[in-house]
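Open the model in a viewer and keep the selection tool at hand. The stops below go from one selection to the next.

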Amino acid sequence: MSNPQRRELLATVALATALVATGAPAASATAKPAIEVSGGLTQPVFSYTDAIREHVRVESPVDSDGDGKKDLLRVDIIRPKESSSGLKVPVIMHQSPYFDEPGVGFGLDHKKYDADGNLTKFPLFYDNYFVPRGYAFVSVDMIGTRLSDGCPTSGGPSDVLGGKAVIDWLNGRATAYDAKGAAVKASWTTGRTGMIGHSYEGALAIGVAGTGVRGLETIVPLAGPSSWYEMWRANGTLTDFKGGQEWMAKRVDLDPDEKCAAVYQRMSEGSDDATGNYNAYWRELDYRTGPISKVRNVRASVLSVVGMQDRNVPADLFSTWWAGLPRDVQRKVWVTQYGHLDPFWARRDVWVDTLHQWFDHELMGVSNDIMRRPRADVQLGPDRWITQADWPAPAARTVTLRPQQDGSLGRTPSTGTGSYLDTKQTEIAMAGDPGTTSPNRLAFLTPPLKNAMRLSGTPSVSLRLTLDQPTANLGVLLVDYGQDTRIHGVDPNKGQGLKLIDGHDCVGESTADDDGCYQRAADNTVTSGFQVVTRGIMDAQNHKSLSHPTPLTPGKSYQITWKMLAQDYEFKAGHRLGLVLTGTNADLGEPVLGDAETGTGTKVTVDLAGTSISLPLVAATSTGK
């Protein structure tokens, strides 16, 4: 029996024991409480006000702070009161490091407690919406944060194994204690659990899924990294500030620094900001091929969301993990032009409906059409969405473009050379005014496009070059030149592509402390003459290995090929594609190489005959396929 068939069988058994169709008459006055379904959706028939609110501490298998005791995780629970009288319910689980600082979600929500230590306010809308429909909602303070023991490790093994322990407890394989220290079982649940979260929280869902833990039936990672190396690095080059791992851990840990000093020292040393190399420390934090979490071990279904303009979590952290999922894992994805966002703020009604159907199908076994819809929802621009059978677009075909001596970009190989200096510049400076000669970049443009076309997938670039020093920061930009109104997702200071507008939506049921109401948002757009579509950077001495750098011999020719960031982007008719070859990218953090303010100053000479960019393109006629 295949994995999807097994999942469907288990879901059907759970459905038969817990669900009843809306409108069915009660069998008797003593009939067990039941979940109601109408139109392929669970209905809000359970009281949110009367729901059971409780908390436990789940024992993890780790002692992250070295105090000789296994770390206990604080787990806050809300569930229908009927789950104490025979109703077995599935679980939606949100594990987060952010409940203290900076807060959870776009609105930076925090938890509120009553005199018994139970929550009167759960951050975000999941409890308000799903508990009335027959779900339990479980909110987990990640190890080392809020009311949990231990030390945070910025995506390290203890972060992941803590979340796994909660899944194990929900399925009878781990121990938890109530406020008095008595062992307590999760006898009220079916054990079927879905994890959801944004950013770091999404990474935790990905990491836990990669352990293959049974009972985790689905995950919904929203802009979650699958590898922490690529969160801070790209091909040996730093893409954010130095000391980021330690900074992130300290940000979410409000305990005195001395408690976790040894953990933070290990993080600082392991990060190896001085070289940017991939090492054993980073491998522990790789959920694709690491020792704790592997993409090949994922059993849970996946509903993923990626922002193609996300500077916090670059798109390749989605695309490489997505491509590595086992073929029998059910999956769907939303591919957006936003930055680092939860789609609840971008396309709220559609997202809530999609999430509702997804959890109903995967956790309740409800028969609806969520899996019969196209696998991918793709945003082309402001208020423009399409669906397609998969991502990348199955119809995409690789087109290779080559720079020409006259500054054009075409299909045929050229001759000659060009050169530039590796200097530190912003992307606006790199890409702006491409017809003007600059000593700090080379720019090549196609003729105006006769028809619209879409990039869907991962481009690659190949440079034949010589350097006058042992290394340089190599930078490549793919640019859309043409006046247009675009999502302003590339600038994190502009709301990641959204802006708040008048009005609020109340999602689900409310109480005085937890109203489930959120301000509305709309696309934040900018009208401009060009946009950087995607980029690729590399420390040239890492061209053979991310772990073992090989300095180049000055004056010797090298062929260096690497992948750029994944993207899904529409180039409109009349626009021009631009290839910009440049050096240190000032928008991507502190460079390992050269002066922090100027770059390496290395002269990069490019042989045009051996230089190209390969793009997975979809013709306008097949833009939705």
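**Disulfides**

Select Cys151 and Cys260: a disulfide (a pair of cysteine sulfur atoms within 2.5 Å) joins them, with an S to S distance of 2.0 Å. The model is predicted, so local features need pLDDT of at least 70 and side-chain atom pairs count only at pLDDT 80 or more, while totals for chains, interfaces and linings use all residues. Residues are numbered from 1 along each chain as its sequence is written, and side-chain values use heavy atoms, with hydrogens and water left out.

The torsion about the S-S bond of Cys151 and Cys260 is about -95°, so this disulfide is left-handed. Both cysteines are buried (under 20% relative accessible area; exposed is over 50%, partly exposed in between; 1.4 Å probe, protein chains only).

Next, select Cys506 and Cys517, which a disulfide joins at S to S 1.9 Å. This link is right-handed, with 100° about the S-S bond. Cys517 counts as partly exposed, at 23% relative accessibility.

**Nonpolar cores**

Now select Phe125, Trp188, Ile219, Trp228, Leu355, Phe359 and Trp391. Of the 118 residues in the largest nonpolar core, these touch the most other members. Another core, of 35 residues, lies apart from it and includes Leu401, Leu449, Leu478 and Ile560. A nonpolar core is a set of buried Ala, Val, Leu, Ile, Met, Phe, Trp, Tyr and Cys residues joined through side-chain atoms within 4.5 Å. In soluble globular proteins, nonpolar side chains tend to be buried together.
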